[in-house]
Amino acid sequence: MTNKTVLIFFFFSFWSLGNAYSQINSIIPGDDGRSWKLSTRSSFYEVWLTKDNEVKFSCYGDKLMKDISYRPLLKDELPTRNARNYAESVIELEFPDGVRNLDLTFESAEILDIDGYQTLAITQKDKLYPLRVTEYISVIYEKDLIEKWITVKNGAKDKRSGNIEIERLMSGSIFLPQNDYDLTHYSGWWGHELQPAVTTLTPGSKIIHVRDFKPYGSSFFAVKPTGEHDGFSGEVWFGTVDYSGNWKVQFEKSSTGELQILGGMNFWDQSVILKKGESFTTPKIILGYTREGLSGASRNIVAYTAERLPQYHRNTVRPVIYNSWFATGFGVTENNQYELAKVAKKMGAELFMLDDGWYQSKGIAMSLGDWTEDKNKFPNGLASLVKKVKQLGMEFGIWVEPESVVTTSELYKMHPDWILGYPNRDSRIDPHRIGREDKYYMLNLAREDVYEYLFDSYCKLLKETDIRYLKWDMNNLLTDVGFPSGTREEQMEVRIKYVENMYRLMEELRKEFPDLWIENCAGGGGRIDMGLMKRTDISWVSDVTDPVVRIFMHYSYLALYPASTMLDLVTDADNHELGLSMGFKFDVAMSGILGVGANILAWNDMQLDIAAKKIAEYKEIRPIVQFGIPYRLISPYETNRSAIQYVSQDGEKSVLFIYNLSEDPSGSTPEAKQSTIIRIKGLDPNAAYTIEGMDGTFSGKFLMEQGLDYHVRGAYKSRIFKISKK
Ligand code: GLA
């Protein structure tokens, strides 16, 4: 390197730090070089070495602890399968000679700059075998988060040393001090995405995990000391795994009261072979500590996620979408789609989404796998419809399911060996469970030829049609990942390679088409996670669009993910005998990304007029909704109302959504039942605010401490308050 290039290199390294806090020394080594103190805005993490060079976890918690005396925990920073360990192991493997325990000792530590964040890298080696384990801990100072991940390397130099088989490798572990703890997590199934569950952790093991690629829930967890909490204060440890394959988070409560939390890839039915010189790196686990209750945990993880959405559209307001699936189902034609598009445009929609049913079909079975349009439905070609819709002034989106194939497709006929499954077993998914065609398989995306086929097909489709929005669906699920032609090693690693190639496909398509939008869908919200947050722009939360159900789902979703990714459609679905007003339906869908999915050709002028007005109102508030700081104020899971508030990043504006779910509000006294007071958050106590539709001004202090009288009475009534700093 010449001096000049060195200078340029430093300039760019500095420039790429990307956040104001990267200059803060968030990792401080002890004077003797045998301990490391990591701190975020309000948390503190310590690692240290014993005199025998064992790497120990000391504590993770309140930053104030570092200044007062505390009793460090004597736990292994990386528990392994060995005799001294009473903890759950992060690493389990087998050496070539059949030895299955590890004996790690400290080798080196360094502080690196990774993606602009100070990162502690501690390398340990086995005392006997040529194995090196490096643990990384990155400090995301301003978000009160750390990221952990691990690289394991087979350092054998000669052939005779042989392969190491990894049987389990999590991303990291932490320990919480002796106490009683409650765990909040989110599980789900089709139509019931992200159901919150709260449980007290008793001695023993509690595991949340996925084994079929499709959790409908989340690896997100929040653990707090058992007891009274208002949701906005109190200690909470939380985290999530940055992975879209099978993941696992384990909570191990000892009989003496300590709690170990560890998470990462789920090694159920999988292993990794490390040949000499090879290494394997886990996905990250993101961990956080806050004293601001679950609300603080959510705000930190949501802000972290928002900064990691795909860069191109990260700060672009999301379009108002019209999706034709609920109107025309599989019966799409060029004509009916164009008619819908014209009305959608008039209402104010900005993107027209052509859902399932547009590609080749054989009888009633859609030819998943053959990604060209059905000429009977689009005699002039799909590109012609796209052009016409674009001429109306709307963008065009299309539904795809790249990872699946049906046996009636040309693709399957040409490559029957491209599917995942065992030869002597019928490992396709029970069609009744999916409610779709028979003989429906998942492609083996671990294969390079499958990857290439998909990449080429989608490049061609996007190029020829000029489409820049994919609704990327995955209705399948899978547990029997047979790869009959693969070596034993390929078979055991098939899930890992599959996910790598799924990510790669999205990333490479984005490189070819930088302005591409990707909507994440998996039979509703089956696969929404941090890994796909980084690679998709928008999420389809659920196939259930009933607004009352959606109020609950939105409340959960916003605990984990940014509102700029939460898509809802106003449809004709309405399970309520009395019927829900259009205003209510729109108010629910307007709390994230607004879309319409109803058969708008059947709507009368009054309905179209309401829709147009609501869409116009949404466009006014959407920058605050999509990019503001979210506060979940009243939980529908705990009462019969729901309230969500967003505050713009500059604190100038706020939007408050209130939904009533019952005629008779809950409360133990008549006064409480009558009360419609809500204390809002995130305002400047000393500033004056006006509220659209209300007289006078209010101080921030008043609105946050005395509260706003929101006057919404009766079941299924809603209101949106627009609050501005004077
Ligand atoms: C899945 C999606 C739906 C729709 C259908 C089409 O169920 O979640 O939104 O796209 O597939 O088959």
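In this predicted model, strand 8 is joined to strand 9 by a hairpin that passes through four residues. The two strands, of which strand 9 covers residues 131-140, pair in the antiparallel sense over seven bridges, and within this pairing I122 has E135 of strand 9 as its bridge partner. Strand 8 also pairs with strand 7 (residues 104-114), again running antiparallel, through 10 bridges, with L104 standing opposite D126 of strand 8. The hairpin of strand 7 and strand 8 has two residues between the strands, and there D115 takes a positive phi near 55°. Strand 8 itself, residues 117-126, is mostly covered, since nine of its 10 residues are buried.

| Strands paired | Bridges | Opposite residues |
|---|---|---|
| strand 7 and strand 8 | 10 bridges | L104 and D126 |
| strand 38 and strand 41 | three bridges | Y689 and K725 |

Another part of the chain shows two helices side by side. The axes of helix 4 (residues 334-347) and helix 5 (residues 382-392) come within 10 Å and cross at roughly 15°, which makes helix 4 roughly parallel to helix 5, as angles under 35 degrees count as such. Helix 4 contributes E334, Q337, Y338, A341, K342 and K345 to the contact, while helix 5 contributes S384, L385, K388, V389 and L392. The crossing of helix 4 and helix 5 is right-handed.

Further along, six strands form an open sheet with antiparallel pairing, in the order 34-35-36-41-38-39. Its edge strands, each pairing on one side only, are strand 34 (629-634) and strand 39 (698-699). Within this sheet, strand 38 (residues 688-691) is joined to strand 41 (residues 718-725) by three bridges, and Y689 stands opposite K725 in strand 41. Helix 14 (residues 605-627) lies across strand 34, strand 35 (641-647), strand 36 (653-660) and strand 41, and runs at about 100° to strand 36.

Helix 13 (residues 582-589) is largely enclosed by the rest of the structure, because seven of its eight residues are buried. These buried residues are M582, F584, K585, F586, D587, V588 and A589. They pack against helix 12 (547-560), strand 32 (566-570), strand 33 (593-596) and helix 14, and also against strand 36 and strand 41.

Terms used:
Residues numbered from 1 in each chain as written. Predicted model: local features only at pLDDT ≥ 70, side-chain atom pairs only at ≥ 80, totals over all residues. Heavy atoms only, no water. Pairing = 2+ DSSP bridges. Contact = heavy atoms within 4.5 Å. Axes fitted to C-alpha atoms, helices over the stretch in contact; angles between N-to-C directions. Buried < 20%, exposed > 50% of the residue type's maximum accessible area, 1.4 Å probe, protein only. Parallel < 35°, antiparallel > 145°, perpendicular 65-115°, else oblique. Left-handed = near helix turned anticlockwise from the far one by under 90°.
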